[in-house]
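Subject: Structure handover and notes

Dear colleague,

Here is the structure I promised to pass on to you, together with my notes on what was found in it. Please look through the model first and then read on.

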Amino acid sequence: MTPQSGSDQPMFALSEEHQAIREAVRAVCDAKVAPFAAAVDEEARYPTEAAEALLASDFHAPHVPEEYGGAGADALATVIVIEEVARACVSSSLIPAVNKLGSLPVMIAGSDDLKQRYLPRLAAGEGGFSYCLSEPDAGSDAAAMKTRAVRDGDSWVLDGVKRWITNAGVSDFYTVMAVTDPDARTRGISAFVVEKSDEGVSFGAPEKKLGIKGSPTREVYFDQVRIPADRMIGAEGTGFETAMQTLDHTRITIAAQALGVAQGALDFALGYAKERQQFGRPIADFQGLQFMLADMGMKVEAARQLTYAAAGRSERGDRDLTFFGAAAKCFASDVAMEVTTDAVQVLGGYGYTRDYPVERMMRDAKITQIYEGTNQVQRIVMARQLLAGIQSEL
Ligand code: COS
(Lines give C-alpha, C1' and ligand atoms only; values in the text may rest on other atoms or scores of the structure.)
Protein backbone atom coordinates (compact mmCIF):
# COMPACT_ATOMS: atom_id res chain seq x y z
CA MET A 1 0.00 0.00 0.00
CA THR A 2 1.29 3.46 -0.89
CA PRO A 3 1.25 5.89 2.06
CA GLN A 4 -0.98 8.90 1.42
CA SER A 5 -0.69 12.24 3.13
CA GLY A 6 -4.46 12.60 2.94
CA SER A 7 -4.37 16.27 1.95
CA ASP A 8 -2.97 18.61 -0.66
CA GLN A 9 -0.54 19.89 1.96
CA PRO A 10 3.00 18.58 1.40
CA MET A 11 4.36 16.71 4.41
CA PHE A 12 6.62 18.63 6.82
CA ALA A 13 5.76 21.94 5.15
CA LEU A 14 4.46 25.13 6.72
CA SER A 15 0.79 25.91 6.16
CA GLU A 16 -0.10 28.94 4.06
CA GLU A 17 -1.18 30.71 7.26
CA HIS A 18 2.21 30.16 8.84
CA GLN A 19 3.99 31.37 5.72
CA ALA A 20 1.78 34.46 5.67
CA ILE A 21 2.71 35.21 9.30
CA ARG A 22 6.41 35.02 8.39
CA GLU A 23 5.93 37.47 5.53
CA ALA A 24 3.95 39.87 7.73
CA VAL A 25 6.52 39.82 10.56
CA ARG A 26 9.42 40.17 8.14
CA ALA A 27 7.83 43.27 6.61
CA VAL A 28 7.43 44.86 10.06
CA CYS A 29 11.01 43.93 11.00
CA ASP A 30 12.56 45.20 7.77
CA ALA A 31 10.82 48.56 8.23
CA LYS A 32 10.77 49.09 12.00
CA VAL A 33 13.16 46.73 13.78
CA ALA A 34 16.30 46.15 11.68
CA PRO A 35 17.01 49.87 11.06
CA PHE A 36 17.41 50.46 14.84
CA ALA A 37 19.22 47.24 15.83
CA ALA A 38 22.75 48.68 15.69
CA ALA A 39 21.81 51.84 17.66
CA VAL A 40 19.92 49.82 20.27
CA ASP A 41 23.05 47.70 20.81
CA GLU A 42 25.49 50.61 20.70
CA GLU A 43 23.47 52.72 23.15
CA ALA A 44 22.32 49.71 25.24
CA ARG A 45 18.82 51.15 25.17
CA TYR A 46 15.35 49.63 25.16
CA PRO A 47 14.16 49.01 21.57
CA THR A 48 11.25 51.45 21.77
CA GLU A 49 10.70 51.55 18.00
CA ALA A 50 10.50 47.75 17.83
CA ALA A 51 8.25 47.58 20.92
CA GLU A 52 5.82 50.05 19.35
CA ALA A 53 5.86 48.34 15.96
CA LEU A 54 5.33 44.87 17.48
CA LEU A 55 2.44 46.15 19.58
CA ALA A 56 0.84 47.94 16.61
CA SER A 57 0.95 44.72 14.56
CA ASP A 58 -0.11 42.44 17.47
CA PHE A 59 3.23 40.58 17.51
CA HIS A 60 4.24 41.68 21.04
CA ALA A 61 2.55 38.73 22.78
CA PRO A 62 1.11 36.69 19.91
CA HIS A 63 0.54 33.56 22.00
CA VAL A 64 -2.34 35.03 24.04
CA PRO A 65 -5.53 33.17 23.05
CA GLU A 66 -8.28 35.01 21.18
CA GLU A 67 -10.73 34.52 24.08
CA TYR A 68 -8.53 36.91 26.09
CA GLY A 69 -8.26 39.41 23.27
CA GLY A 70 -4.95 38.04 21.92
CA ALA A 71 -3.83 37.12 18.42
CA GLY A 72 -4.22 33.41 19.25
CA ALA A 73 -1.00 32.34 17.55
CA ASP A 74 -0.22 28.65 18.00
CA ALA A 75 3.22 27.52 19.21
CA LEU A 76 4.64 27.32 15.68
CA ALA A 77 3.33 30.75 14.67
CA THR A 78 4.81 32.21 17.88
CA VAL A 79 8.16 30.58 17.03
CA ILE A 80 8.04 32.13 13.55
CA VAL A 81 7.33 35.59 15.00
CA ILE A 82 10.26 35.33 17.42
CA GLU A 83 12.56 33.86 14.76
CA GLU A 84 11.86 36.70 12.36
CA VAL A 85 12.30 39.42 14.98
CA ALA A 86 15.59 37.81 16.11
CA ARG A 87 16.81 37.71 12.50
CA ALA A 88 16.70 41.52 12.66
CA CYS A 89 17.41 42.21 16.36
CA VAL A 90 17.74 39.63 19.13
CA SER A 91 17.12 42.23 21.86
CA SER A 92 13.72 43.02 20.33
CA SER A 93 12.81 39.34 20.03
CA LEU A 94 12.86 39.16 23.82
CA ILE A 95 9.63 41.18 23.87
CA PRO A 96 7.36 38.41 22.48
CA ALA A 97 9.56 35.68 24.01
CA VAL A 98 9.48 36.99 27.58
CA ASN A 99 5.81 37.95 27.40
CA LYS A 100 5.16 34.26 26.69
CA LEU A 101 7.58 33.07 29.40
CA GLY A 102 6.10 35.34 32.06
CA SER A 103 2.45 34.64 31.30
CA LEU A 104 2.58 30.93 30.49
CA PRO A 105 2.46 29.89 34.17
CA VAL A 106 -0.89 31.75 34.42
CA MET A 107 -2.10 30.05 31.23
CA ILE A 108 -0.95 26.59 32.37
CA ALA A 109 -1.96 26.62 36.03
CA GLY A 110 -3.75 29.87 36.87
CA SER A 111 -7.40 30.20 37.91
CA ASP A 112 -9.94 31.54 35.41
CA ASP A 113 -10.03 34.69 37.46
CA LEU A 114 -6.24 35.22 37.15
CA LYS A 115 -6.39 34.59 33.41
CA GLN A 116 -9.23 37.09 33.03
CA ARG A 117 -7.38 39.65 35.11
CA TYR A 118 -3.99 39.54 33.39
CA LEU A 119 -4.12 38.03 29.88
CA PRO A 120 -6.36 40.71 28.30
CA ARG A 121 -4.08 43.44 29.68
CA LEU A 122 -1.03 41.69 28.22
CA ALA A 123 -2.79 41.26 24.87
CA ALA A 124 -3.84 44.93 24.83
CA GLY A 125 -0.28 46.08 25.52
CA GLU A 126 -1.21 47.48 28.93
CA GLY A 127 1.69 45.64 30.57
CA GLY A 128 4.41 43.12 29.79
CA PHE A 129 5.00 39.92 31.77
CA SER A 130 8.38 38.83 33.21
CA TYR A 131 9.43 35.52 34.81
CA CYS A 132 11.25 35.43 38.14
CA LEU A 133 12.86 32.06 38.87
CA SER A 134 16.65 32.55 39.15
CA GLU A 135 18.39 34.06 42.17
CA PRO A 136 22.00 35.06 42.88
CA ASP A 137 22.71 31.57 44.32
CA ALA A 138 20.03 29.56 42.50
CA GLY A 139 20.75 29.34 38.77
CA SER A 140 20.96 25.82 37.35
CA ASP A 141 19.85 24.57 40.78
CA ALA A 142 16.60 26.49 40.58
CA ALA A 143 15.10 24.64 43.55
CA ALA A 144 17.76 26.17 45.85
CA MET A 145 15.87 29.50 45.76
CA LYS A 146 15.52 31.45 49.01
CA THR A 147 12.78 33.97 48.19
CA ARG A 148 10.14 33.36 50.81
CA ALA A 149 6.36 33.73 50.74
CA VAL A 150 4.62 33.58 54.12
CA ARG A 151 0.87 33.38 54.55
CA ASP A 152 -0.72 36.10 56.67
CA GLY A 153 -4.53 36.00 56.75
CA ASP A 154 -5.84 36.61 53.24
CA SER A 155 -2.42 37.68 51.99
CA TRP A 156 1.00 36.32 51.13
CA VAL A 157 4.06 38.34 52.06
CA LEU A 158 7.09 37.96 49.78
CA ASP A 159 10.72 38.65 50.66
CA GLY A 160 13.80 37.99 48.54
CA VAL A 161 15.88 38.77 45.47
CA LYS A 162 15.51 37.49 41.92
CA ARG A 163 18.36 37.89 39.43
CA TRP A 164 18.76 37.97 35.61
CA ILE A 165 15.19 39.10 35.12
CA THR A 166 14.54 40.09 31.52
CA ASN A 167 12.52 43.28 31.02
CA ALA A 168 12.60 43.92 34.77
CA GLY A 169 11.34 47.44 35.40
CA VAL A 170 9.70 47.56 31.96
CA SER A 171 7.15 44.81 32.63
CA ASP A 172 4.15 45.54 34.82
CA PHE A 173 3.51 41.91 35.76
CA TYR A 174 5.86 39.27 37.22
CA THR A 175 5.43 35.56 37.77
CA VAL A 176 7.45 34.92 40.91
CA MET A 177 8.44 31.52 42.28
CA ALA A 178 8.90 31.55 46.08
CA VAL A 179 9.35 29.07 48.91
CA THR A 180 6.16 28.48 50.90
CA ASP A 181 7.42 25.36 52.74
CA PRO A 182 11.19 25.30 53.33
CA ASP A 183 11.18 21.62 54.30
CA ALA A 184 9.61 20.34 51.09
CA ARG A 185 12.25 21.42 48.50
CA THR A 186 10.64 21.44 45.02
CA ARG A 187 7.18 20.67 46.48
CA GLY A 188 7.50 23.62 48.82
CA ILE A 189 7.71 26.19 46.02
CA SER A 190 4.66 28.18 44.86
CA ALA A 191 4.08 30.64 42.02
CA PHE A 192 2.52 34.10 42.32
CA VAL A 193 1.65 37.09 40.17
CA VAL A 194 3.30 40.23 41.53
CA GLU A 195 2.71 43.66 40.03
CA LYS A 196 5.35 46.33 39.58
CA SER A 197 3.11 48.74 41.50
CA ASP A 198 2.87 46.46 44.59
CA GLU A 199 4.44 48.16 47.57
CA GLY A 200 7.94 46.83 48.31
CA VAL A 201 8.87 45.90 44.70
CA SER A 202 12.03 47.56 43.37
CA PHE A 203 14.73 46.94 40.77
CA GLY A 204 18.54 46.81 40.63
CA ALA A 205 20.83 48.58 38.16
CA PRO A 206 20.81 47.22 34.58
CA GLU A 207 23.41 44.45 34.09
CA LYS A 208 26.27 45.37 31.73
CA LYS A 209 26.12 42.48 29.30
CA LEU A 210 28.14 41.07 26.38
CA GLY A 211 25.09 41.03 24.09
CA ILE A 212 21.31 41.55 23.96
CA LYS A 213 22.18 45.01 25.23
CA GLY A 214 18.80 46.42 24.23
CA SER A 215 16.99 44.06 26.57
CA PRO A 216 17.07 45.27 30.18
CA THR A 217 18.24 42.63 32.68
CA ARG A 218 17.97 43.64 36.33
CA GLU A 219 17.52 42.23 39.79
CA VAL A 220 14.06 42.39 41.31
CA TYR A 221 13.76 43.00 45.04
CA PHE A 222 10.79 41.99 47.16
CA ASP A 223 10.74 43.75 50.51
CA GLN A 224 7.74 42.62 52.56
CA VAL A 225 5.54 42.65 49.44
CA ARG A 226 1.98 41.90 50.53
CA ILE A 227 -0.29 40.47 47.83
CA PRO A 228 -3.81 39.02 48.02
CA ALA A 229 -3.96 35.21 48.35
CA ASP A 230 -5.81 34.89 45.04
CA ARG A 231 -2.62 35.93 43.21
CA MET A 232 -1.18 32.45 43.79
CA ILE A 233 -0.89 30.57 40.49
CA GLY A 234 -2.32 27.07 40.93
CA ALA A 235 -2.21 25.22 44.23
CA GLU A 236 0.32 25.79 46.99
CA GLY A 237 3.47 23.71 46.40
CA THR A 238 3.01 23.35 42.62
CA GLY A 239 5.18 26.33 41.62
CA PHE A 240 8.29 24.36 40.70
CA GLU A 241 6.36 21.95 38.51
CA THR A 242 4.62 24.88 36.79
CA ALA A 243 8.00 26.59 36.31
CA MET A 244 9.47 23.46 34.69
CA GLN A 245 6.40 22.86 32.51
CA THR A 246 6.62 26.47 31.34
CA LEU A 247 10.28 26.03 30.35
CA ASP A 248 9.40 22.91 28.33
CA HIS A 249 7.35 25.19 26.06
CA THR A 250 9.45 28.32 26.14
CA ARG A 251 12.86 26.73 25.54
CA ILE A 252 11.49 26.36 22.01
CA THR A 253 11.19 30.14 21.80
CA ILE A 254 14.90 30.39 22.67
CA ALA A 255 15.58 27.93 19.85
CA ALA A 256 13.59 30.33 17.66
CA GLN A 257 15.77 33.27 18.69
CA ALA A 258 18.89 31.21 17.96
CA LEU A 259 17.54 30.15 14.60
CA GLY A 260 16.65 33.73 13.71
CA VAL A 261 20.03 35.21 14.58
CA ALA A 262 21.80 32.37 12.73
CA GLN A 263 19.67 33.01 9.65
CA GLY A 264 20.38 36.74 9.87
CA ALA A 265 24.14 36.10 10.02
CA LEU A 266 24.01 33.61 7.14
CA ASP A 267 22.00 36.02 4.98
CA PHE A 268 24.50 38.80 5.62
CA ALA A 269 27.51 36.55 4.97
CA LEU A 270 26.04 35.35 1.66
CA GLY A 271 25.49 38.89 0.43
CA TYR A 272 28.97 39.94 1.49
CA ALA A 273 30.67 36.94 -0.12
CA LYS A 274 29.10 37.81 -3.47
CA GLU A 275 30.20 41.47 -3.25
CA ARG A 276 33.65 41.26 -1.71
CA GLN A 277 36.40 41.00 -4.34
CA GLN A 278 39.79 39.44 -3.68
CA PHE A 279 42.28 37.99 -6.16
CA GLY A 280 40.18 39.60 -8.92
CA ARG A 281 36.89 37.84 -8.16
CA PRO A 282 34.13 37.59 -5.53
CA ILE A 283 35.24 35.55 -2.54
CA ALA A 284 32.07 33.45 -3.04
CA ASP A 285 33.90 31.88 -6.02
CA PHE A 286 36.39 30.18 -3.69
CA GLN A 287 35.60 26.67 -2.61
CA GLY A 288 37.02 27.28 0.90
CA LEU A 289 34.30 29.92 1.43
CA GLN A 290 31.64 27.84 -0.32
CA PHE A 291 32.24 24.94 2.08
CA MET A 292 31.81 27.26 5.05
CA LEU A 293 28.62 28.75 3.65
CA ALA A 294 27.26 25.28 2.87
CA ASP A 295 27.91 24.10 6.43
CA MET A 296 26.24 27.23 7.82
CA GLY A 297 23.15 26.71 5.66
CA MET A 298 22.97 23.00 6.51
CA LYS A 299 23.14 23.64 10.25
CA VAL A 300 20.55 26.43 10.14
CA GLU A 301 18.12 24.19 8.28
CA ALA A 302 18.64 21.29 10.71
CA ALA A 303 18.02 23.67 13.63
CA ARG A 304 14.86 24.94 11.93
CA GLN A 305 13.43 21.45 11.40
CA LEU A 306 14.07 20.44 15.03
CA THR A 307 12.65 23.72 16.35
CA TYR A 308 9.47 23.46 14.29
CA ALA A 309 9.05 19.80 15.25
CA ALA A 310 9.38 20.83 18.91
CA ALA A 311 6.78 23.59 18.37
CA GLY A 312 4.34 20.94 17.14
CA ARG A 313 4.93 19.00 20.38
CA SER A 314 4.35 22.17 22.39
CA GLU A 315 1.07 22.89 20.62
CA ARG A 316 -0.22 19.35 21.13
CA GLY A 317 1.30 18.89 24.60
CA ASP A 318 2.95 15.62 23.57
CA ARG A 319 4.62 13.35 26.10
CA ASP A 320 8.02 13.87 24.48
CA LEU A 321 7.80 17.69 24.72
CA THR A 322 10.35 17.88 27.56
CA PHE A 323 12.98 16.12 25.43
CA PHE A 324 12.16 18.13 22.31
CA GLY A 325 12.13 21.49 24.11
CA ALA A 326 15.59 20.84 25.55
CA ALA A 327 16.94 19.35 22.31
CA ALA A 328 15.73 22.22 20.13
CA LYS A 329 17.08 24.87 22.51
CA CYS A 330 20.45 23.15 22.91
CA PHE A 331 20.96 22.30 19.23
CA ALA A 332 19.75 25.59 17.77
CA SER A 333 21.77 27.70 20.20
CA ASP A 334 24.96 25.74 19.48
CA VAL A 335 24.26 26.24 15.77
CA ALA A 336 23.69 29.96 16.33
CA MET A 337 27.07 30.28 18.05
CA GLU A 338 28.86 28.39 15.25
CA VAL A 339 27.10 30.14 12.39
CA THR A 340 27.47 33.68 13.76
CA THR A 341 31.17 33.02 14.51
CA ASP A 342 31.63 31.74 10.95
CA ALA A 343 29.85 34.81 9.60
CA VAL A 344 32.42 36.99 11.35
CA GLN A 345 35.11 34.83 9.71
CA VAL A 346 33.57 35.25 6.23
CA LEU A 347 33.76 39.03 6.66
CA GLY A 348 37.35 38.83 7.96
CA GLY A 349 38.60 42.05 9.59
CA TYR A 350 35.36 43.83 8.66
CA GLY A 351 33.36 41.22 10.54
CA TYR A 352 35.29 42.05 13.71
CA THR A 353 34.15 45.67 13.65
CA ARG A 354 30.91 47.30 14.68
CA ASP A 355 30.54 48.70 11.17
CA TYR A 356 28.91 45.38 10.26
CA PRO A 357 26.15 43.53 12.13
CA VAL A 358 27.74 40.08 12.43
CA GLU A 359 29.83 40.78 15.55
CA ARG A 360 26.63 41.92 17.29
CA MET A 361 24.89 38.75 16.16
CA MET A 362 27.78 36.66 17.52
CA ARG A 363 27.57 38.41 20.91
CA ASP A 364 23.79 38.12 20.95
CA ALA A 365 23.88 34.43 19.99
CA LYS A 366 25.95 33.55 23.06
CA ILE A 367 23.13 34.13 25.51
CA THR A 368 20.98 31.47 23.82
CA GLN A 369 23.45 28.83 25.05
CA ILE A 370 23.04 30.13 28.61
CA TYR A 371 19.54 31.33 29.50
CA GLU A 372 16.38 29.32 30.14
CA GLY A 373 18.81 26.64 31.33
CA THR A 374 22.42 26.29 30.20
CA ASN A 375 23.06 23.77 27.45
CA GLN A 376 24.61 21.54 30.12
CA VAL A 377 21.25 21.57 31.96
CA GLN A 378 19.49 20.79 28.65
CA ARG A 379 21.67 17.70 28.31
CA ILE A 380 20.73 16.61 31.85
CA VAL A 381 17.06 17.04 30.95
CA MET A 382 17.44 15.08 27.68
CA ALA A 383 19.42 12.26 29.29
CA ARG A 384 16.80 11.86 32.04
CA GLN A 385 14.04 11.62 29.44
CA LEU A 386 15.96 9.05 27.40
CA LEU A 387 16.80 6.97 30.47
CA ALA A 388 13.16 7.11 31.58
CA GLY A 389 12.29 5.47 28.25
CA ILE A 390 10.31 8.39 26.83
CA GLN A 391 10.34 7.73 23.11
CA SER A 392 9.96 10.25 20.33
CA GLU A 393 6.35 10.44 19.17
CA LEU A 394 6.70 10.74 15.44
N1 COS B 1 7.52 19.00 33.84
C2 COS B 1 6.81 18.73 34.96
N3 COS B 1 7.38 18.46 36.13
C4 COS B 1 8.73 18.48 36.19
C5 COS B 1 9.52 18.76 35.07
C6 COS B 1 8.86 19.03 33.85
N7 COS B 1 9.54 19.31 32.74
N8 COS B 1 10.81 18.71 35.43
C9 COS B 1 10.84 18.39 36.73
N10 COS B 1 9.58 18.27 37.19
C11 COS B 1 9.15 17.89 38.54
C12 COS B 1 9.68 16.50 38.81
O13 COS B 1 8.76 15.53 38.36
C14 COS B 1 9.83 16.50 40.31
O15 COS B 1 8.56 16.27 40.88
P16 COS B 1 8.37 15.24 42.13
O17 COS B 1 9.13 15.85 43.27
O18 COS B 1 6.91 15.23 42.33
O19 COS B 1 8.96 13.95 41.66
C20 COS B 1 10.20 17.94 40.62
O21 COS B 1 9.79 18.72 39.50
C22 COS B 1 11.67 18.11 40.84
O23 COS B 1 12.36 17.67 39.68
P24 COS B 1 13.88 17.26 39.70
O25 COS B 1 14.13 16.32 40.84
O26 COS B 1 14.27 16.84 38.33
O27 COS B 1 14.55 18.66 40.09
P28 COS B 1 16.06 19.07 40.19
O29 COS B 1 16.22 19.92 41.39
O30 COS B 1 16.94 17.87 40.01
O31 COS B 1 16.24 20.07 38.94
C32 COS B 1 16.76 20.71 36.69
C33 COS B 1 16.16 19.66 37.65
C34 COS B 1 18.27 20.85 36.82
C35 COS B 1 16.41 20.20 35.30
C36 COS B 1 16.04 22.08 36.91
O37 COS B 1 16.44 22.64 38.16
C38 COS B 1 16.33 23.08 35.83
O39 COS B 1 15.71 23.07 34.77
N40 COS B 1 17.33 23.99 36.07
C41 COS B 1 17.59 25.07 35.16
C42 COS B 1 16.69 26.20 35.51
C43 COS B 1 16.56 27.16 34.38
O44 COS B 1 16.26 26.81 33.25
N45 COS B 1 16.78 28.43 34.72
C46 COS B 1 16.61 29.47 33.77
C47 COS B 1 15.58 30.38 34.33
S48 COS B 1 14.70 31.24 33.12
S49 COS B 1 15.99 32.48 32.35
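Let me begin with Ile 370, which sits in the loop between α10 and α11. The model is a predicted one, and every value below should be read with that in mind. Ile 370 counts as partly exposed because its relative accessibility is 43%, a value that falls between the limits of 20% for buried and 50% for exposed. Ser 333 lies 37 residues away from Ile 370 in sequence, while the two C-alpha atoms are 8.8 Å apart in space.

With a relative accessible area of 14%, Glu 372 is buried, since buried means under 20%. Glu 372 is also one of the residues that lie nearest the centre of the largest pocket, together with Ser 134, Gly 139, Gly 373 and Thr 374.

That brings me to the pocket itself. The largest pocket has a volume of about 1,300 Å³, and 43 residues line it. Two or more lining residues come from each of α5 (90–109), β3 (155–166), α7 (239–275), α10 (358–368) and α11 (375–387). Which element gives the most to this lining? It is α7, with six residues. Sorted by class, the lining of the largest pocket has 21 nonpolar residues, alongside eleven polar and eleven charged ones.

The structure also holds one cavity of 30 Å³ or more, and the volume of the largest cavity is about 40 Å³. Its lining is made up of Ala 37, Val 40, Asp 41, Cys 89, Val 90, Ser 91, Ile 212, Lys 213, Arg 360 and Asp 364. At least two residues of this lining are supplied by each of α2 (34–43), α5 and α10, and α2 gives the most, with three. By class, the lining of the largest cavity divides into five nonpolar residues, four charged ones and one polar one.

Ala 44, in the loop between α2 and α3 (48–56), has a positive phi of about 45° although it is not a glycine.

Ala 235 is placed in the loop between β8 (232–233) and α7, and a relative accessible area of 47% makes Ala 235 partly exposed. In sequence, Ala 235 and Ala 109 are 126 residues apart, yet from C-alpha to C-alpha the separation in space is 8.3 Å.

Lys 274 belongs to helix α7, the element that gives the most to the lining of the largest pocket. Is Lys 274 buried or exposed? Its relative accessible area is 58%, so Lys 274 is exposed, the limit for that class being over 50%. If residues up to four places away in sequence are not counted, Lys 274 touches Pro 282 and Ala 284. Asp 285, eleven residues from Lys 274 in sequence, is 8.0 Å away from it, C-alpha to C-alpha.

Finally, some values for the protein as a whole. The protein has eleven helices and ten strands, and its C-alpha atoms fill a box of roughly 80 × 60 × 40 Å along the principal axes. The radius of gyration is 21 Å, which agrees with the value near 21 Å for a compact globule because the protein has 394 residues. Of these 394 residues, 53% count as buried. Among the contacts with a separation of 6 or more, 75% are accounted for by residues 24 or more positions apart. The accessible surface comes to about 17,700 Å², and 52% of it belongs to carbon and sulfur atoms.

With best wishes

How values were computed: Residues are numbered from 1 along each chain as its sequence is written. This is a predicted model: local features need pLDDT of at least 70, side-chain atom pairs count only at pLDDT 80 or more; totals for chains, interfaces and linings use all residues. Side-chain values use heavy atoms; hydrogens and water are left out. On a 1 Å grid over the protein atoms alone, a cavity is a set of points where a 1.4 Å probe fits but cannot get out, and a pocket is an open set with protein on both sides within 12 Å along at least five of seven lines; lining residues have an atom within 4 Å of a point. Grid points are joined across faces, edges and corners, and a volume is the space filled by probe spheres set on the points. Helices (H or I, at least four residues) and strands (E, at least two) are DSSP runs, numbered from the N terminus. Ala, Val, Leu, Ile, Met, Phe, Trp, Tyr, Cys and Pro count as nonpolar, Asp, Glu, Lys and Arg as charged, and the others, Gly among them, as polar. The radius of gyration is taken over C-alpha atoms; the globule rule is 2.2 Å times the number of residues to the power 0.38. Buried means under 20% relative accessible area, exposed over 50%, partly exposed in between (1.4 Å probe, protein chains only). Contact means heavy atoms within 4.5 Å. Accessible areas come from the Shrake-Rupley method with a 1.4 Å probe; for residues, only the protein chains shown count as cover.
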